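Welcome, and please take a moment to look over the molecule shown here. A short tour comes after it.

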Amino acid sequence: MELLFAMALTAQEPERTLPLADVKQADPLVLAPKVLPPETAERITGGWVRRYWVPGQVYRALFWEKSRPERDGICARRVHVVSAGNPSAPGNPDDPQTVLTVSDLGSGVQYGPSYPEPATEVRCAELTGYIGGSEGQIDSQLATLGRLAEAMRLAAGTDELPFALDCDPQESATACDDPRRALANLPLGKLLRVQPSRPLPPRDASTPPGPRLFVQADAPRNWKAAEVEFDTSGHGARSWIVIVTGDEQVETVRLRSAMIIRH
């Protein structure tokens with residue numbers, strides 16, 4: 001899976017190695033002291049270790065520190081990424097004594113929305129849906145999450161929505177039966193990324209049919225629109241992709257239920 005934050009590269013260190021048995025299916029809290037500096041390892045509260053399906057035996061581990069309130073409705077946690085691999089090792093069967101070289105990939109910060117509750121120490125410790133912040137764009141990314149949370153809150157109520165809402169089921173028989181309920185129940189725990197998105201201009205009668213290609217050279221710092229992507233969730237193993245438009249307040253929310261195969 002793509003790393004979801006901007007990483008600061010670390011200085012070169014002497015080569016470190018570990019046997020495959022110490023890495024494969026490892027408990028992150030057990031692995032952390034073996035691959036991180038002691039002062040960092042003692043702050044780790046969780047993480048994951050995943051194999052990358054490339055030639056050889058290659059693993060990547062993400063470790064995170066305690067999550068804390070960052071701002072209203074947003075939690076933040078510092079994260080560290082380490083690689084352990086041997087590209088020339090047999091991919092199958094596994095030899096637990098295979099030697100993997102350990103490399104520090106970097107550190108960064110991930111952010112997650114605390115909706116529907118305030119960002120407190122307890123609430124931040126519960127969160128599972130985090131994104132990484134892109135340098136120079138994190139304020140816009142977090143503002144998008146704030147606007148999305150507000151749209152979800154309004155959708156969960158009974159008043160008329162002050163923004164336009166539509167839904168594309170993409171061949172799902174039921175995904176868009178109730179767009180308002182779908183918006184209110186978006187799986188924030190499955191949050192993957194937030195990125196700028198410029199809505200396609202409306203097609204008029206003079207525009208020829210068929211696909212249109214738009215190239216965005218530079219991402220705007222103040223986004224008029226942003227795309228929020230979620231991992232697989234709910235019935236049918238589909239993923240929600242949500243485009244939120246508006247500067248100071250939500251103007252439109254477009255839901256799309258997509259079948260996405262991730263490796």
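The report below visits a cavity and then a sheet.

This is a predicted model, in which local features need pLDDT of at least 70, side-chain atom pairs count only at pLDDT 80 or more, and totals for chains, interfaces and linings use all residues. Residues are numbered from 1 along each chain as its sequence is written, and side-chain values use heavy atoms, with hydrogens and water left out.

Searching the whole structure turns up 1 cavity of 30 Å³ or more (a set of points on a 1 Å grid over the protein atoms alone where a 1.4 Å probe fits but cannot get out; lining residues have an atom within 4 Å of a point). The largest cavity has a volume of about 40 Å³, the space filled by probe spheres set on the points. Its lining includes Val23, Val49, Tyr59, Arg60 and Ser83. By type, the lining holds 8 nonpolar residues, 1 polar and 1 charged, where Asp, Glu, Lys and Arg count as charged, Ala, Val, Leu, Ile, Met, Phe, Trp, Tyr, Cys and Pro as nonpolar, and the others as polar.

Now for the sheet. Here 5 strands (DSSP runs of E, at least two residues) form an open sheet of mixed pairing, in the order S8-S12-S11-S10-S9. Strands pair if DSSP finds at least two bridges between them. Its edge strands, each pairing on one side only, are S8 and S9.

| Edge strand | Residues |
|---|---|
| strand S8 | residues 164–168 |
| strand S9 | residues 191–196 |

Within the sheet, S10 and S11 run antiparallel and are joined by 5 bridges. Glu229 stands opposite Ile241 in S11.

Methods. On a 1 Å grid over the protein atoms alone, a cavity is a set of points where a 1.4 Å probe fits but cannot get out, and a pocket is an open set with protein on both sides within 12 Å along at least five of seven lines; lining residues have an atom within 4 Å of a point. Helices (H or I, at least four residues) and strands (E, at least two) are DSSP runs, numbered from the N terminus.
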